[in-house]
Amino acid sequence: MYATSLGDDGAELRPLEPWQAEEFLAHMDRGREFIGQYVGLPDVVTDLESSRSYLRAYAEKAAADAGCVHGIRVDGKLVGGVLLRTMDVENGVAEAGCWLEPSAAGRGLVTRAVRVLVDWAVEERGIHRVEWHVSSANGPSIAVARRLGMTREGVLRESYLYRGKRHDMEVWSVLAPEWRAHRRAHRPEAAGGLR
């Protein structure tokens, strides 16, 4: 299995696959409350079968060229992930997302991982528009969108009912020409991408 380096700190990005369901569940258990503040993933991955089912669904999406999920690892340990929740190659639109367990927060891991993912989507798959949907209360995720050069397009007021509370959801996006300009301005060095 391939790995893409995310820097000099031992962080890397690797695909998450169904055979890793046990490790994925253990990771989710370590970060369940933290991750679950704004992301529904911990409510979906609750036992080994649901973990396997979630990863199988993304393996099927990857096979259909309709999405993908990758784990963020530090020194080999799974600490988070990024995904293309949806990917419509024909129309050139994808939605990216992320999660991270608390032990890995504040190190720029998600920003670095999403850069690799967006770069791959734009340059390898021809995606023209990458979206980022985030609760207005999720400051760290909004900061990632800003660091990636995304534009805030609007707020879907109280559109997301999560754990009994209605959340305003912000829609951010970056278009392929904007992505390329941002990448040149912020990291002129060539970086490895997904294979």
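**Notebook: contacts, sheet, cores and pocket**

I began with Phe-24. Beyond its neighbours within four places in sequence, Phe-24 is in contact with Leu-16, Leu-41, Val-45, Ser-51, Tyr-54, Leu-55, Leu-78 and Trp-99. I note here that the model is a predicted one. Phe-24 sits in helix H1, residues 21–35. Is Phe-24 buried or exposed? I read a relative accessible area of 0%, so Phe-24 is buried, the cut-off being under 20%. I then took a C-alpha distance. Phe-24 and Asp-47 are 23 residues apart in sequence, and their C-alpha atoms are 10.0 Å apart in space.

**Entry: the sheet**

I traced the strand order next. Eight strands form an open sheet, ordered S1-S2-S3-S4-S5-S6-S8-S7. The pairing is mixed. Which strands are at the edges? They are S1 (4–5) and S7 (151–162), and each pairs on one side only. In general, strands of a sheet pair through backbone hydrogen bonds, parallel or antiparallel.

I went through some of the pairs one at a time.

- S1 and S2 run antiparallel and are joined by two bridges. Thr-4 has Leu-13 of S2 as its bridge partner.
- S2 and S3 are antiparallel too, with five bridges. Ala-11 is bridged to Val-74 in S3.
- S3 (residues 68–74) and S4 (residues 77–88) run antiparallel over seven bridges. Here I found Gly-71 bridged to Gly-81 in S4.
- S5 and S6 pair in the parallel sense, over four bridges. Glu-95 has Glu-131 of S6 as its bridge partner.

I checked burial for two of these strands. S2 spans residues 11–15, and four of its five residues are buried, so S2 is largely enclosed by the rest of the structure. S6 spans residues 129–135; six of its seven residues are buried, so S6 is also largely enclosed by the rest of the structure.

**Entry: positive phi**

I looked up backbone angles in the loops. Most residues other than glycine have a negative phi. Asp-75 is not a glycine, yet its phi is positive, about 50°. Where is Asp-75? It is in the loop between S3 and S4. With a relative accessible area of 66%, Asp-75 is exposed, because the cut-off for exposed is over 50%.

Arg-163 is another non-glycine residue with a positive phi of about 50°. I placed Arg-163 in the loop between S7 and S8 (165–175). Arg-163 has 45% relative accessibility and therefore counts as partly exposed.

I also noted a glycine. The hairpin of S1 and S2 has five residues between the strands, and Gly-7 in this hairpin takes a positive phi near 145°.

**Entry: the cores**

How many residues are in the largest nonpolar core? I read 38. The members that touch the most others are Ile-72, Val-82, Leu-84, Val-130, Trp-132 and Met-150. Helix H4 (residues 109–123) supplies the largest share of this core, ten residues. A second, separate core has 15 residues, including Leu-16, Leu-25, Leu-41 and Leu-55. Of these, Leu-16, Leu-41 and Leu-55 are on the contact list of Phe-24.

I followed up Leu-84. Leaving aside neighbours within four places in sequence, Leu-84 is in contact with Tyr-58, Gly-67, Cys-68, Ala-94, Glu-95, Ala-96, Leu-117, Trp-120 and Ala-121. Glu-95 on that list is the residue bridged to Glu-131.

Is Val-116 buried or exposed? Its relative accessible area is 8%, so Val-116 is buried. Val-116 and Ser-5 are 111 residues apart along the chain, but their C-alpha atoms are separated by 9.5 Å.

**Entry: the largest pocket**

I ended with the pocket. The largest pocket has a volume of about 1,000 Å³. It is lined by 40 residues. Which residues lie nearest its centre? They are Val-39, Cys-98, Trp-99, Asn-138 and Ser-141. Trp-99 is also in contact with Phe-24. S5 (residues 93–100) gives the largest share of the lining, six residues. By class, I logged 25 nonpolar, ten polar and five charged residues in the lining.

Terms used
Residues are numbered from 1 along each chain as its sequence is written. This is a predicted model: local features need pLDDT of at least 70, side-chain atom pairs count only at pLDDT 80 or more; totals for chains, interfaces and linings use all residues. Side-chain values use heavy atoms; hydrogens and water are left out. On a 1 Å grid over the protein atoms alone, a cavity is a set of points where a 1.4 Å probe fits but cannot get out, and a pocket is an open set with protein on both sides within 12 Å along at least five of seven lines; lining residues have an atom within 4 Å of a point. Grid points are joined across faces, edges and corners, and a volume is the space filled by probe spheres set on the points. Ala, Val, Leu, Ile, Met, Phe, Trp, Tyr, Cys and Pro count as nonpolar, Asp, Glu, Lys and Arg as charged, and the others, Gly among them, as polar. A nonpolar core is a set of buried Ala, Val, Leu, Ile, Met, Phe, Trp, Tyr and Cys residues joined through side-chain atoms within 4.5 Å. Buried means under 20% relative accessible area, exposed over 50%, partly exposed in between (1.4 Å probe, protein chains only). Contact means heavy atoms within 4.5 Å. Two strands pair if DSSP finds at least two bridges between them.
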